[in-house]
Amino acid sequence: SVVRQEIPSENSLLPLLADSAMDRPRKLLSVASVNLFYAFNDFKPVWTGRSSLNQRGDSLLRFISTAHYSGLFAEDYHIKEIGDISREVKISAGPLESLSALDILLTDAFIGIGYHIRHGRLQKDGMYRYENLPETDTALVELLSRSVMENNISGILESLEPEKASYKILKKQLKRKLDSLSVAAGHASILEDQIRQLTVNMEQLRWEATDSSERYIFVNIPSFKLGIVEHDSLVFESNVVVGTTGTPTPTLDAVIKSFVVFPAWNVPRKIAAHELLPKIKSDSSYLSSHNYRVYDNSGKMIDPDSISWKKYHADNFPFRIQQSEGDHNALGIIKFIFANEYDVYLHDTNAKKSFDKEYRALSHGCVRVEKALDMARFLLNDNNPYCSVNDFERYIHSRQQRQICMNPIDLRIRYYTCEPRKDGSVYFHPDVYGVNSTIMEAMFCNN
């Protein structure tokens, strides 16, 4: 056998590092971070010895090979080329440049995995995969240096994963289903779909990993549920109705600072012109029987009987319609207010029977909350300086419209088809809006 007289050094690493992209398929995910790490490490190799991977290199390669257990893809981290070069240098003690390239690829793989575990593999807003990591990650480079010094490769990488209990349950279920896939017979297609859903939901949770909020209202569209979360524990829950597939509820982040009891409903123009107008034309008493008021564009109230409704249509509708406050109101008797670009909100409803349905994608986009009053009481119990629960009950009984301030609380409306349970199981909800298919296409394309 050939005995190598030298190991990769500054002389062999620097020329490859200078070629910032390296030759395809050796393109690096983070050229800047790789260079920064080797600069910190005096350009010494860390994963390779005289003719093969060292113990650290073997440990990282094992982690890359099992990346699918973390909802990642080994193909993203040079797995094929690392394997090819490893075999090459082991069999023939190949050129020193190959061993140097192997070291660089493993460093880039560590940084890529670390970034993806912490921030996600997809660019959240554009829903596409990162070809290159977007920035030099000094903190990640420091973690890499620490993992090398402590010889704790997998432990450091796993420490970057979200700490939420829900993520840990999804990860355990993903491993269990991946391991059982090889022995599955007639249920392989079901397992494969569940594996993809778990992978997608773990990615979505990684997008949330940097959020440190300890108390928030959480709406999950596919489960038709709302919850209040405190310190990663569910302390309040209610069924909800969300938007139809034609008028979907948006995912968003907002802050709720107040709510209105006995709100009036300013009917959105699209609903007024496309849904109410045909009913008005066919029934002259429709507006009065449903407690609607009509205003012109200057805000002046108009007698609806003075309007020749038949001459108006959806493209020519110069009125604003408002439903007066009361039990008859579509918003019910409470509306939670939060600034958002979609003009949606959380509210009570006069259509209580909708909560009896299993499928509850039925609204125009707003979220109807079955326990809206109970939620208001719960939030006011939080040492609210603006209004006590007793005051709130008095306002409800007086049946007068009133805006009530409260301690601000974050609101997150999300779209998760995988629901972790306390017993460690996962319930899979239908992909109501087809969102999962879009993320799956971005995640699994070319893999």
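Biologist: Hi! Which residues in H9 meet which residues in H14?

Modeller: Hello! This is a predicted model, and here is what it shows. From H9, the residues are Asp 193, Arg 196, Gln 197, Thr 199, Val 200, Asn 201, Glu 203, Gln 204 and Trp 207, and they meet Asn 436, Ile 439, Met 440, Met 443 and Phe 444 in H14.

Biologist: Nice. Let's switch to cores. Which residues touch the most other members of the largest nonpolar core?

Modeller: Those are Ile 217, Phe 259, Phe 336, Leu 346 and Phe 392, in a core of 63 residues. Helix H10 (residues 269–282) gives the most to this core, namely six residues. Another core, of 44 residues, lies apart from it, and Val 34, Leu 61, Val 141 and Leu 144 are among its members.

Biologist: What is Leu 346 in contact with, leaving aside its neighbours within four places in sequence?

Modeller: Quite a list! Leu 346 is in contact with Ile 217, Leu 226, Ile 256, Lys 335, Phe 336, Phe 338, Val 367, Val 369, Met 375 and Leu 411.

Biologist: Ile 217 keeps coming up. Which residue is its bridge partner in S4?

Modeller: Ile 228. Strands S3 (residues 215–220) and S4 (residues 225–230) run antiparallel and are joined by six bridges. They form a hairpin with four residues between them, and Phe 224 in that turn has a positive phi of about 55 degrees.

Biologist: What does S4 do with S5?

Modeller: S4 pairs with strand S5 (residues 233–243), again in the antiparallel sense, over six bridges. Leu 226, for instance, has Ser 238 in S5 as its bridge partner. The hairpin of S4 and S5 has two residues between the strands, and His 231 there takes a positive phi near 50 degrees.

Biologist: Where do Phe 262 and Arg 399 sit?

Modeller: Phe 262 is in the loop between strand S6 (252–261) and S7. Arg 399 is in the loop between helix H13 (389–398) and strand S15 (402–414).

Biologist: Is Phe 262 buried or exposed?

Modeller: Phe 262 has 2% relative accessibility, so it counts as buried. Arg 399, with a relative accessible area of 44%, is partly exposed.

Biologist: You mentioned S6. How many of its residues are buried?

Modeller: Seven of the ten, so S6 is largely enclosed by the rest of the structure. S6 pairs with S15 in the antiparallel sense over nine bridges, where Val 261 has Arg 402 as its bridge partner. S6 also pairs with strand S11 (residues 334–337), antiparallel too, over four bridges. Along that pairing, Val 260 is partnered with Lys 335.

Biologist: New topic! In what order do the strands of the open sheet come?

Modeller: The order is S7-S10-S8-S9, with antiparallel pairing across the four strands. S7 (265–266) and S9 (301–302) are at the edges with a single partner strand each, so one side of each has no neighbour in the sheet. In this sheet, S8 (residues 292–296) and S10 (residues 319–323) pair over five bridges, and Val 294 stands opposite Ile 321 in S10.

Biologist: Last one. Where is His 116 found?

Modeller: In helix H5 (residues 96–119). At 2% relative accessibility, His 116 counts as buried. Leaving aside its neighbours within four places in sequence, His 116 is in contact with Leu 72, Tyr 77, Arg 121, Leu 133 and Arg 206.

Biologist: Great, thanks for the tour!

Note on methods
Residues are numbered from 1 along each chain as its sequence is written. This is a predicted model: local features need pLDDT of at least 70, side-chain atom pairs count only at pLDDT 80 or more; totals for chains, interfaces and linings use all residues. Side-chain values use heavy atoms; hydrogens and water are left out. Two strands pair if DSSP finds at least two bridges between them. Contact means heavy atoms within 4.5 Å. A nonpolar core is a set of buried Ala, Val, Leu, Ile, Met, Phe, Trp, Tyr and Cys residues joined through side-chain atoms within 4.5 Å. Buried means under 20% relative accessible area, exposed over 50%, partly exposed in between (1.4 Å probe, protein chains only).
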